[in-house]
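Thanks for coming. I will talk about the spaces in this structure and then about one residue. Please have the sequence and the model open.

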Amino acid sequence: MLIRSSSIVLPAAILSGALLYLIGRELSFPADVRGQLLRFVEFLQPALLFCMLFVAFCKVSPKALKPKRLHLWLALIQSGAFALCCLLLWFFPETRYIHVIEGFMLAMLCPTATACSVITQKLGGDAGITTSYTIFICLIVAVIAPLLLPIASTRHDLAFFPTFLLIIKKVFPLLLIPLALAWAARYLTPRLHQRIISIHNLAFYMWVVALALAISVTVRALVHSHTSWIHIMGIAAATLMACILQFWLGKKIGSRYGLRLEGGQALGQKNTIFIIWLGYTFLSPISATAGGFYSIWHNLVNSWQLYRKQKTDEKASSHN
C-alpha cells in the first residue's frame, strides 16, 4: 500500500508542510517557544537529509560513480544558461525584471539535489549516475558562481577564492560525509549494510518528512517577504519555466546515451535549499524565493513520474 500511494505522497508533503506553518502561525505560542521550534526545525531538516543520504548511498556501489559524457552536456547547459543571464543583467542592470531573471538563473545554475538519488532509485533508475553528477556539478558551481556572480550582483566584495570556499563549505559536507559513511558500512560492517538496504522505501519516506519541513520554512519566508505579488508571481513563472526546460532537456540528452530518466533527474531535480542560500547571500531576499517555488515544481514533476511508473508497473503485473 505504501508503494502504491507513493505518487500522492509528495503533493501531500507539500500541502502538509504549508498547512503546518499556516496553522502554527495562528496559534498563540510565546515568542521563546516559536524560537525554539524554529531552531528545532533548522536542526531536524539537515539531520533528516543526512540520514536519508546515508541510507540511499548504501545502495550505490563505488564502482557506479563513473563520469559520463552525459554529465558534460548537462553541466554545459547549466553553466551556459547562468552565464547568459549574468550577461543580461550586466547589460541591463536597471531592468524592472531583475528579480525574475535572478530567480531563473539561480534555478538553472543550482546543483542537483542531494535527494536525487532517492527519487532516481524509486523510479527504477541508476542512482550512481545521478550521484556522480551531483558531486561533479557541485564542483562546477563552486567555480562558475564566484567567477560570474560579480557581473550580476550589486555587491563589490565578491572575491573568487573566499566565495569558492564558502560554496564548497555549504554543499559538500552534507553530500560527501554520508557517502563516505555508507561506503565504510559496506566494507566494514556488511551485516549492518545489508540490514539497511533491506528496509524498502526508508530513504524515500525520510525525504517526504524533510520535504514537508522545507515547504513549511519556504511558506514562512514568503509570508514574511515584503515583495510585491507581481514580482513573486514573476519568479514563480520563471522557476516553473526553468523546471520544465531542464527536465525536458535532461531527458532529451539522456535519451542519446540510454539514460533518459537519469538525465532528466540530474538536470531537473535541484538542491532548492542552495538556491535560497545563494540568493540571500549574494543577490537579494526576493530572488531567494525562487528556491521555494522550484521545490514545489520539481516535486510535482516527481509526483507525476511516480504516478506513471505506478501505472506502468500495475499494467505489467496484470499481464503476468
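The second largest pocket holds about 520 Å³ of space, and bear in mind that this is a predicted model. Its lining is made of 19 residues. If you want to find the pocket on your screen, look for Tyr21, Arg34, Leu37, Leu38 and Ser216, which lie nearest its centre. Helix H1 (6-26), H2 and H10 are the elements that each give two or more residues to this lining. H2 gives the largest share, with seven residues. Sorted by class, the lining of the second largest pocket has twelve nonpolar, four polar and three charged residues.

Now the largest pocket. Its volume is about 830 Å³. Of the 33 residues lining the largest pocket, Gln45, Lys170, Ile273, Phe274 and Ile276 are the closest to its centre. Which helices supply at least two residues each to this lining? They are H2 (31-57), H7 (160-171), H8 (173-188), H10 (202-223), H13 (272-282) and H14 (285-319). Here the largest share comes from H10, again with a count of seven residues. By class, the lining of the largest pocket has 19 nonpolar, nine polar and five charged residues.

How many cavities of 30 Å³ or more does the structure hold? The count is one. About 60 Å³ of space lies in that largest cavity. Its lining consists of Thr218, Ala221, Leu222, Ile276, Tyr280, Ala288, Thr289 and Gly292. Five of the lining residues are nonpolar, three are polar and none is charged. Note Ile276: it lines the cavity, and it is also listed among the residues closest to the centre of the largest pocket.

Last, the one residue. Please go to Lys270, in the loop between helix H12 (260-268) and H13. What does Lys270 contact, leaving aside its neighbours within four places in sequence? The contacts include Gln78, Met108, Cys110, Pro111, Thr112, Gln246, Tyr294 and His298. Ala107, Ala113 and Ile275 are on that list as well.

That is the end of my part.

Key
Residues are numbered from 1 along each chain as its sequence is written. This is a predicted model: local features need pLDDT of at least 70, side-chain atom pairs count only at pLDDT 80 or more; totals for chains, interfaces and linings use all residues. Side-chain values use heavy atoms; hydrogens and water are left out. On a 1 Å grid over the protein atoms alone, a cavity is a set of points where a 1.4 Å probe fits but cannot get out, and a pocket is an open set with protein on both sides within 12 Å along at least five of seven lines; lining residues have an atom within 4 Å of a point. Grid points are joined across faces, edges and corners, and a volume is the space filled by probe spheres set on the points. Helices (H or I, at least four residues) and strands (E, at least two) are DSSP runs, numbered from the N terminus. Ala, Val, Leu, Ile, Met, Phe, Trp, Tyr, Cys and Pro count as nonpolar, Asp, Glu, Lys and Arg as charged, and the others, Gly among them, as polar. Contact means heavy atoms within 4.5 Å.
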